[in-house]
Structure formats: C-alpha cells, structure tokens
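Hello,

Here is the structure I promised to pass on to you. Please have a look at it first, and then read my notes below.

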Amino acid sequence: MADPLRRLTNTASFSLLQDKLESWHRDYHTISCEENLNRCCELIELSAKIQSQLFTILNLVAAEGGQYAGVDTLKTRLLPWLGTCFSMATPSVTDDSSLQLIQDSVEKDRRIRKLSVHHVSDKQKLCSTRLQLDSTRAELVDAQVELDQTKSQSATTLLATEEEILQLRADLRSAHEQLDVYRRKMKNTDDDERQIRLLRDEVSYLSQEKAQLQEKWASRSPTPPLRLPRSSPPTSRSDSPTRAQLTNSSRRSRLVSRFSNLHAVERLEAQATLRRHVADLDMVQKIIFIAVEESFKSSKLAFRHFKLRVRKTMSPSLLGLDGAEAAAVDYIVRNMDLHDIQTSVNEVIGAMNVNPRISFPPEVDFVLISTLIRETCRVAFAMQTLDPPPDLAFASDGELYDDRKYRRSYDSELSAPLVMYHVWPALVEGDAVVLKGEAVTRRGAVWRRGGGGGPVRSRSLSPTRSLAFSSRRSLSPGRLTASRL
C-alpha cells in the first residue's frame, strides 16, 4: 500500500487538478463553448485517474486489514456514496435534492461518528476485559502455587501430627503401666504387713520351742545309750515339725509378693530393653510371657533333680523312709544357695531359641532379659518347697477369656471373648487362683495349642545359647554331706 500512495503523492495530481480548475475559471467567459467542454472533460478524465488510483489504494488497504477489517467503514461511507451516484434518475440535481443529500451525508457522518465512538468504547472495554482476564489468570496461578505450598505444608504437618500421636500413645501406655505398678505396690503394702505379723508369730513360736528344748536338755540325766535291734529302723528326729513346715506360710506370702513384684518391676524393665530392638509390642510381651513359662518348667525340673540327689545322699537308716521327703525339702530350704541358677537360665534361653512362636531379630540375644529369667527361676525354684507348691495356670492363645484368672490389658477390646495372647501368667494352687495374670483380648483371635509345632527359627547358637543344650552341672559331692543335714 505504501508504494501507490507514495506515487500518488509524488505526482501531485490534486495540485494539477486545482491549477486546471483555476485556469478554467479565469478563461471561462473568454473562450468558446466547445473549449469549455474540452476543459471540463479533461478535468473529469484527470479526476477519474485520481479516483482509479484511490480505489487501488482502498483495495490494498482493505486487503491488509484482513477479512473483516474496515467492513463498517465501507458499509457506512463507500456503499451509500456509490448508491447515490448510480441511483440518480435525472442528470440534473436540484437545490432541494442537493440539500437533502447534504443532510443525509451529515446524518450519516453523525451515525458514523457514533458508531466509531461505540466501536472505540467497545475496543476499550475489550482491552480492559483482557487485562482483567490476564490479571485473573495471574492471580489464579498465584493461588495454585499457594495451594501447592499449603498442601505440602499440610502433608508435613500431618506426618508430624501422626508422629506426635504415636509418641503420646506410647507415653500414655507407659503412664498406665506406671500406674499399675503404683497400684500393685500399694496393694502389696497390706501383704507385707501381714507377712511381718506372720514372721513375728513364727519367731515367738520358735523362741518358745527353743526354750523348751533347752529346759529338756538341762533336766535330762546322763544315761547310757540304748542299743536298738537291727530289725527296728532307728530315727534321729522326733515328730516335731521341720523348719520348712514351720516357715511355710511366711515363705508362701513372701514368694507370692515377690512374684507380683516381678510383674510390676522386672517385667517392665525387660519390656523397655526389648523395645529398643523389637518394634512390635505384642511380640515383646509374648517373648516375656514365654520366658516366664520356660523359667517355671526349668525350675520345676531342677528342683526334682536336686531333691533326688539330696535323698540319695541322705542315709535312710538315720531318718527313716517316712521322714526322708520332709528332711530333703528342709535341707533344700536351708541351702537354697546350692541351686545352680545359671544352668536354669541357659536352659530357658535355649528353649526360647527354638520356640516357633517367637519372631526375634537374629542379631539380638535373649541374654538381654537374663535378669528377668534369673529372678523368675529363683522364685519358681523356691515355690517348689511350699506345700502345696503354686504353679502357673495353663494358657493358650485363642482360649476363652476367664476373668477369674486374668484381667484385660488397657489396649484390649472389652467385648472380645477370646484371648489374643497373654502378657503375664496366672499363679494358681490347684483350682484356687493366687494371683491374676494379664491377657490381651481382641476380635479375630484364633485358638492355638500352647506347644503347637511349627518351623524352628534358623539362628546360629552363640556360646551362651549352646550351654542350654548341655547337661546340668552336678553339685559338688562335698557340699551335700550328711553333716549339713
């Protein structure tokens, strides 16, 4: 478009047309009619050339604007002008028609200006709408970024909150356990007072018996010893009760109290030690329960072997067959230090290593809870000297919950009728319950026999564990002498 417009400007066609019009105006009255017509035709031809060039420029401008650009201008300016040019019926134009044309032209110009104003305002509104849309899009992008940041922060906060909840649950659990410990200690205070009263009564009784024996010894006259025939078995003891029989009730109270303290103190210490290596609390409690059961089994077997060796060492001709059992138990009560506790501990650890119910990291040893095992073996061995000896109640996973033997743990389901697993065994004497145990009841518990078979863990035995499968170390013969009996 620039080249035709530049050529039209350089040729100065409108200046030439203006000069010819002025020259014709000066010579109009001096020249002839034919000459005036020639000059008029010349001006029409020159005007037609200029219009041709202007139409060419109009075509180029419309083409550069696109398919719909300038449509309003062509409709309002060009088409009405062309219509008036070709729709004239008469070759002459009157004053009234020219005035009407001028008015129409003015009216059209006014409409065109209004339309242009509306068009400009619409364009401005469109531009402002686009700016608002861009700003809204930018705000939307910022909001999306903030939402992503909030989501990430919320996820981090949620993880931190879950960790805090787990920590609070663990603290609550330890607080419940400590509360149970304090309650048991308060409960054991009455038992201790009753035990003290029993011990005082036994001390007074023994003091009276000692005084009576001293009086008999002082008043007895020296007489030659009697020779009994070989057929009558002699006895060196009278029918008076032994020390084991005299102290049976006090020892029973003391051992029952000690077994309760094992549950309140040593069990929690062992549980805290195992929790450093095993994350599953259920498995930790199962390990402690199995350790107590195995400790009682090993101690009962050790007591039977010990009592058998004592009876073999004692002379039946001195005591008689009826008093041999009581004398053996009395000897064990007086010489509890002769029991080899470490052998029982090693046997318990060895039995736990092959127990299929325990899932334990192979790099961790059961020696971690040897303190609990040793104290339990000591208490269980001493309980075998009582008459009758207390024992652990039979327990199996999935059995029907019995509130006479057990109490539910704090994390149990109160409506569950079956025992998921046991935390601490119940202590019984025959059918009577001496101390209640602790059990976890949950729905979905499956009954399983206590000694059910299963795959044995493949763990290499350490030197400490290998001692569990060796034979018991025999007591020194010199220590089991008749002089100590």
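**What I found**

Pro 388 sits in the loop between helix H12 (370-383) and E1; helices (H or I, at least four residues) and strands (E, at least two) are DSSP runs, numbered from the N terminus. The bond that joins Asp 387 to Pro 388 is a cis peptide, with omega about -5°.

This is a predicted model, in which local features need pLDDT of at least 70 and side-chain atom pairs count only at pLDDT 80 or more, while totals for chains, interfaces and linings use all residues. Residues are numbered from 1 along each chain as its sequence is written, and side-chain values use heavy atoms, with hydrogens and water left out.

Now to the sheet. It is open and antiparallel, with 3 strands in the order E1-E4-E5; two strands pair if DSSP finds at least two bridges between them. Strand E1 (391-392) and strand E5 (432-435) are at the edges with a single partner strand each, so one side of each has no neighbour in the sheet. E1 pairs with strand E4 (residues 427-429) over 2 bridges, and Asp 391 has Val 428 as its bridge partner in E4. Between E4 and E5 there are 3 bridges, and Leu 427 is partnered by Leu 435 in E5. The hairpin of E4 and E5 has 2 residues between the strands, and Gly 430 there takes a positive phi near 70°.

I hope you enjoy exploring it!

Best wishes
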